[in-house]
Amino acid sequence: MKSFTFERVDSPAAATMAFTRTPGARFIAGGTNLLDLMKLEIETPGHLIDVSRLGLDKIEPTSDGGVRIGAMVRNTDLAADARIRRDYGLIARALVAGASGQLRNKATTAGNLLQRTRCPYFYDTNQPCNKRKPGSGCAAIAGFSRNHAIVGASDACIATHPSDMAVAMQVLDAAVETVDAAGETRSIGLADLYRAPGNTPQLETVLAPGELITAVTLPKPIGGTHIYHKVRDRASYAFALISVGVVVQRDGSGRVALGGVGYKPWRARSADAELPRGAKAATAVLLADAKATHENAYKLPLVERTLASVLAQAKG
Amino acid sequence: MSVAAVSVASPSTVVAVPNKAAARPPTARVAFNVNGTAHDLELDTRTTLLDALREHLRLTGTKKGCDHGQCGACTVIVDGRRINSCLSLAVMHDGDMITTIEGLGLPGNLHPMQQAFVVHDGYQCGYCTPGQICSAVAVLDEIKAGIPSHVTADLTGAPTVTRPELRERMSGNICRCGAYSNIVDAIVDVAGGKA
């Protein structure tokens, strides 16, 4: 690990100011992903700003009937929250489908959204990777790609976003609240947070340098049956090959998003509209522009079959 | 051993600056409590909690397996919660209460979970065992606290101690010898033996 200086701050304003003083710094909260990447020298910040004690650890109702989740709420606490379990069950289900108990006790809400891909070529510093070293090439495209993206990818990068929680939040129309060094705040819909890889896969979100996520907001509950189905290589503690998150209403209408297929949770309103017609119709829309590699074409039928299974389960 | 007054109030800002003149890596101070003993340490900022425990405090019961959060051998309990000590910087634990396997119990005065692992032969080589036991103790507390898991059928109900619940909740602790069924037996025993 490269050496770094360290400071702890006690407010979001102090955090963004600290970043302004030390360009190239990184915020650290749970640290479960960043520290791992620092050990491998994939991340080499010269300065760390500890944002784990900013008081952003509360889950509160919003004036429009929704909920505001502090950026530093731990994954365990979010999954265990009575209101989340009752009204936003999809999020609790997605959270407990991810990582291990130990990791969920440290990992934060904002950190979960900003975690980086688990593409093995991103992790292997002996291999080319446009995300880790722009311009070096992509070893995954012709390589071991069974875990990689089938939608939204580019000739430069076929990495997937690994979060389960983000898939559930995408279904529920979540937004992130941020503050920047000038004190400006904004709200960004989750669908707009992640950038398509294009020719710049090293740029993963629309956040400006030093812009800090302070909360995730959810609109008021939409009811319905919440199901998160994750398909993986072992029964627990593994990343998704694909995952399907749905909220289905009694009349058969609903919403769907996919995990493990692209650089962000994959959702389309036009696919939601096809849900009453079944898995085949909705999948056709979701995966209309899919492009598989020699190793991950299995994901195409797997998405449709998993969605069919989930819709059958929702009918009860 | 370094023993300082128990640190309750911590400074709001701790800044470590590089000392280029001496070409030494940046350090920072941290005070925390391990197994009832207060410690005040000056550490290279890169030091993980795991390395602080093993290399600085000589508490070698906590084991380093993968050092990447994948195996669970380094599991310790911080403020009542199990974490991977390999994926946490020591300097981020100022004011924390840390319990390691040595703090649960020692020969002659074993914690019930340690005793149950002995009785049920919940190990072979023993390397993952301290992490397994710390994790198991915390798992029973998590079930008691109503924290759901992937296999909890009713999200709004209270989870109970069942074998599927224990297997799922212990999935972050790998045992290369494959003592899993005996490990589950040991945890069931401590929980009251009804699962």
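**Strand pairs, salt bridges and an interface**

Biologist: Which residue in strand 5 of chain A stands opposite A:Pro61?

Modeller: One thing to keep in mind is that this is a predicted model: local features need pLDDT of at least 70, side-chain atom pairs count only at pLDDT 80 or more, and totals for chains, interfaces and linings use all residues. Residues are numbered from 1 along each chain as its sequence is written, chains are lettered from A and ligands numbered from 1 in the order in which they are written, and side-chain values use heavy atoms, with hydrogens and water left out. Strands (E, at least two residues) and helices (H or I, at least four) are DSSP runs, numbered from the N terminus. In strand 5 of chain A, the residue opposite A:Pro61 is A:Val67.

Biologist: How many bridges join strand 4 to strand 5 of chain A?

Modeller: Two strands count as paired if DSSP finds at least two bridges between them. Strand 4 (residues 59–61) and strand 5 (residues 67–70) of chain A run antiparallel. In their hairpin, with five residues between the strands, A:Gly65 takes a positive phi near 90 degrees.

Biologist: Is A:Thr217 buried or exposed?

Modeller: A:Thr217 has its place in strand 8 of chain A. Counting contact as heavy atoms within 4.5 Å, and leaving out residues up to four places away in sequence, A:Thr217 touches A:Val67, A:Arg68, A:Asp173, A:Ala174, A:Ala175 and A:Glu177. The cut-offs are under 20% relative accessible area for buried, over 50% for exposed and partly exposed in between (1.4 Å probe, protein chains only). With a relative accessible area of 13%, A:Thr217 is therefore buried.

Biologist: Which lysine meets A:Asp164 in a salt bridge?

Modeller: A salt bridge here is a side-chain nitrogen of Lys or Arg within 4 Å of a carboxyl oxygen of Asp or Glu. The pair at A:Asp164 lies at 2.8 Å, N to O. A:Asp164 is in the loop between helix 8 (120–123) and helix 9 (165–171) of chain A and its partner is in strand 9 (residues 225–231), so the pair ties together parts that are 66 residues apart in sequence. Both residues are buried, and the lysine is A:Lys230.

Biologist: What is the N to O distance between A:Asp87 and A:Arg86?

Modeller: A:Asp87 is buried, with a relative accessible area of 16%, while A:Arg86 is exposed at 58%. Their side chains meet in a salt bridge, with an N to O distance of 2.9 Å.

Biologist: How many salt bridges cross the interface of chain A and chain B?

Modeller: Over all chains the count comes to 29 salt bridges. The number found across the interface is three.

Biologist: About how much area is buried between chain A and chain B?

Modeller: In contact are 46 residues of chain A and 51 residues of chain B. In chain A, A:Phe6, A:Arg8 and A:Gln102 lose the most area to chain B, together 19% of what that side buries. Buried area is the accessible area (1.4 Å probe) that two parts lose on being put together, summed over both. Carbon and sulfur atoms give 52% of the total, which is about 3900 Å².
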